[in-house]
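Hi everyone, thanks for making time. I'd like to walk you through one model today, so let me put it on the screen.

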Amino acid sequence: MAHGHAVKRYSGLMDWLTTVDHKKIGILYLIAGGFFFLVGGLEALLIRIQLWKPLNDFVSADTYNELLTMHGTTMIFLAAMPVIFALMNAIVPLQIGARDVAYPFVNAIGFWTFFFGAVLLNVSWFTGSVPDGGWTAYAPFSGTTFNGDHGFDYYVLGLQIAGIGTLVGGINFLVTIINMRAPGMTFMRMPMFTWSVFITSALILFAFPALTVGLAALMFDRVFDANFFDPSGGGNAVLWEHIFWIFGHPEVYILILPAFGVISEVVSTFSRKRLFGYSSMVFATILIGFLGFMVWAHHMFTTGLGPVANGLFSIATMLIAVPTGIKIFNWLFTLWGGSITFTAANLFAVGFIPTFVMGGVTGVMLAAAPADFQYHDSYFVVAHFHYVIVGGLVLGLFAGLHYWWPKMFGRMLNEGLAKLTFWTFFIGFHLTFFVQHFLGLMGMPRRIWTYLDGLGFNEMNLISTIGALLMGLGTIFFLLNVVITAFKPKNAANDPWEDGRTLEWTIPSPAPEYNFKQTPLVRGYDAYWKEKMDGHTEMTPAEPIGSIHMPSPSILPLFMAIGLFITGLGLMYSHGEWGKIAGIEAGFVVGGIGLIITFACMIIRSLIDDHGFHIEPEELQDKGVKA
Amino acid sequence: MSAHSHTEGQLPHEPEKATLEGRNKILGFWLFLGAETVLFGTLFSAFLALRDQVLDGPKSQELFELPLVALATGLLLTSSLTSVFATQALHMHKVKAMIWWLVVTVILGLGFLGLEIYEFSNYVHEGHGFTTSAFSSSFYTLVGFHGAHVAFGIVWISLLIGQLAKKGLTVTTAPKAYVAGIYWHFIDVVWVFIFTVVYLMGKVG
C-alpha cells in the first residue's frame, strides 16, 4: 500500500456484493442472465406445451397471456442483454490491453440496477398481477382502462430500473474503448468483438433514453393519471408505438451486433486465418448501427402511416441487408481455405451463419410493406424473430461462452458434452421454428392461447413443441457441462485453444485482477498472432513493472439499486392499497424512502474520495505465474 | 494510471484533464449528455404530438404568461454565464472566485426554480392540472423534467461548493466542477428549446 490507504478487501459473499472488478461483474451478469434465461425458457416450454394440440387447456388463457408477455420481456431484457454484458465485461478490457473499465464503480451500479429491476419485474409472479399485454406493452392495453391490476406497473418500473443499468453500462464501455486502449491499439487494430461492443454501446446510448421516456410516460399514465396514451384524455396510442420502436428497433441491433463480433473472433481463430475483410467488417457494423435508427416504423406498417412513410421505411429496412450480406460473405471467405477445427465453439459459429441468413431473408420479406400486411401478427413473424434472436444471438452467445469459458473461469468445458449441447440445441431450434414460418403463412395468428382442430395446424404445432423440448434438453446438457467443469482443476493454459490471436490469450486464465502485469505494446491487428508469427511467445511490454493502482470495492452500488427497487415497489402501491401514513399514501412514503437511500449513497460516493489501493511489484512476482 | 502525475502542491495547467480518471469523467459526461439529448428529444416529440389536445382545459394562448417566463429565462441564461466564469476561475486556479461564481449560479438557479413553481401553481389554479388533458400531461412532463434537472443541478453544485471549500482545487475536484459546468450549460440549452417550442410557439400557434 504505497499511499498508506488501508482498504478493506473482502472475501466470500461480501467480495461478490462489493466487487468492482469487471471480470467478477461479468460472472455476476452471467449467473443472473443465465438464471433469467432459464426462467424465460421455462415460460417458453409452458407456452409450447399449451400449444402442442388443438383446444388444449394446460394453462388458462389469462396465464397464457402472462407467460408470453413475460417470456418476451424476460428473454430480451433480463437474459439476452445481461449475458451480452457478461461477455463485454469479461473480455473487452482484456482485448484492448486495459487494466480495468473506465468506471469500475458505475459498472457495479449497472449490474445491481439490472438485477433489482429484473427481480422487481418477476416479483409480479408472486403478487399475482403479471403483465399480460405482450412485451411491446402497446397502449391502450397497457393503460389502466384495460389493465387495472398492477401487471404493467411491474413492467414499467422493473424495466425502468434495469434500463438505468444498461445505459450506464453502455457509457462505461464507450469511454473504456475510446480512452483506455493499450499503446499501439489503434481503432483499426481493435478485435472485431470489441468493435461490435463499441457500436452496440453507442446504440444503447442513443436508444435507451427513448425507452426511458416511454416507460416514464406510461408510468405517469398508470400511477399519476396522466393522459399520454389514453385517447379519452386526448392521448395518442400510436405515440407509444413510435416511442417503443424508436428504442425497440435499435435494441435488436444492440442484441445482434455483439453476436456478430463473437462469430468473427471464433471463425477467425478456428480457421487459423486473419478475419477476411476486416475493414469492411468494421464499416458494415457501423452502417448497420446507423441504419438501425432509421427503420423503426417497419414494425408499424399496418398502423396506417400511409404509403409514403411505409415505402421509405421499407427501402431503409431492405438497405440493411447490404452490410449484413457483407458480413456473411466475409465469414464465409474467412472459413474458405482455412485449416478449420470444429470445436464446439466453432460449431456454434458455423451453425450460426446459415441460420442467421434464413432469419435475414425472412426479414427482407417482412420489409416489403404490402407483403407485411399478410405476415403481420402471424407465426411467420414469430419464426422470423426467433431465427435472428435465437438462431443468431443465442448461438452467438453459446459460441462466445464456449470460446471464452477458460478465460473467464480457468477451466475448459468438456468438448464432447459441448458438441452434444450444440447438436440438440441446433436441431431442436430448427424443429421448433422452421415449421412456424408455414404456420404463419397458413394463417395462424401469434399470441393466441389455443386453436381449433381441422385447420391444418396440428402436426406442425406438435413438431414445434418437440423441438422446444429438445432445446430444453440442449440447455440441460450445457448446465451439466458447467457443473462438471466446475469440479475439474483450474488448469487452462494462457492460450488454451493454441491459436489465440488477440490480447486476452496472452495473460493467465482466468485473468488476474489487474489483467496485465505490464501493459502490452500492440504492433498490429491480431496483436498476439503477429507476435507469434514473429517468433515471440509473449507481447512486448510498453512499461516497466511497477505498482498497479486498483479501485476499492464498495457496497454502495448494491444499496443504490435496493433503494430504486423500494421506490418502484412503493410507487406501484400508491392508490390506497397500503393505507396512509400521516395523510400521505403509504406507497409514496415508501417510494420516497427508497429515493432517499439511493441519493444518500450518491452523496456519500461524491463526498468521500476513493483513493483505491496499490498492488506492488513484489506481489506481482508472487502472483504473476499463478492463475 | 497514477492519480498524481503533477508535482505536489502545484496544479497542472488544465487540472480537470490531468488524470485519466478526469479525462474519463469528462468524456463519459459528454456521452451522457448525448443520451440526455435523446431523452429530451423524445419528450419534445411527445409534447408536439399532444399539444393541441387541450380538451376542456385552457389553451396555451390563454395560459402562458410570457413576461414571467421571460424573467425566468433571463435568470437561467445569466446563471449559465456565471458558471462559465466559475470554469474560467478554475483554469486560473482561483478557488475563491470559483466558489463565489458557483454560489451566484446556484442562487440564480433557485430563482428560476422558484418562478417555475409559482408559474405551475398559477396554471393549476386556472384549471391546467397534470391530469387535465394530454396537453397538460405532456407539458408538465417536459417542463417538469427540465425543472427536475435544474433542481438536481442545484443540489449537485451546492455539494461541490462544500467540497471545493474543504478540499480546495485538486485533480479530483477539478473534473467534478468542470463536468457540473457542462451539465449546467446543457440544462440551459434545453431551456432555450423549451422557451421557443413550448412557450413562443404556444403563444402564436
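This is a predicted model: local features need pLDDT of at least 70, side-chain atom pairs count only at pLDDT 80 or more; totals for chains, interfaces and linings use all residues.

First, a word on terms: helices are DSSP runs of H or I with at least four residues, strands are DSSP runs of E with at least two, and both are numbered from the N terminus.

Residues are numbered from 1 along each chain as its sequence is written, and chains are lettered from A and ligands numbered from 1 in the order in which they are written.

How much of chain A is buried? Buried residues make up 56% of its 627 residues, where buried means 20 or more other C-beta atoms within 10 Å of the residue's own, exposed means 12 or fewer, and partly exposed is in between, with C-beta atoms placed from the backbone.

Now to a helix pair. In chain A, helix α6 (residues 192-223) and helix α8 (residues 278-291) pack at about 15 degrees with their axes 10 Å apart. Axes here are lines fitted to C-alpha atoms, for helices over the stretch in contact, and angles run from 0 to 180 degrees between N-to-C directions. That makes α6(A) roughly parallel to α8(A), a label for angles under 35 degrees, with over 145 roughly antiparallel, 65 to 115 roughly perpendicular and the rest oblique.

Let's zoom in on one residue. A:Ile353 sits in helix α11 (residues 344-367) of chain A. With 18 other C-beta atoms within 10 Å, A:Ile353 is partly exposed. Beyond its neighbours within four places in sequence, A:Ile353 is in contact (C-beta atoms, placed from the backbone, within 7 Å) with A:Ile328 and A:Trp331.

Finally, the partner chain. Chain B places 32 residues in contact with 33 residues of chain A. On the chain B side, α1 (20-50) and α5 (134-167) each supply at least two residues, and α1(B) gives the most, with 16 residues.

Conventions
Two residues are in contact if their C-beta atoms, placed from the backbone, lie within 7 Å.
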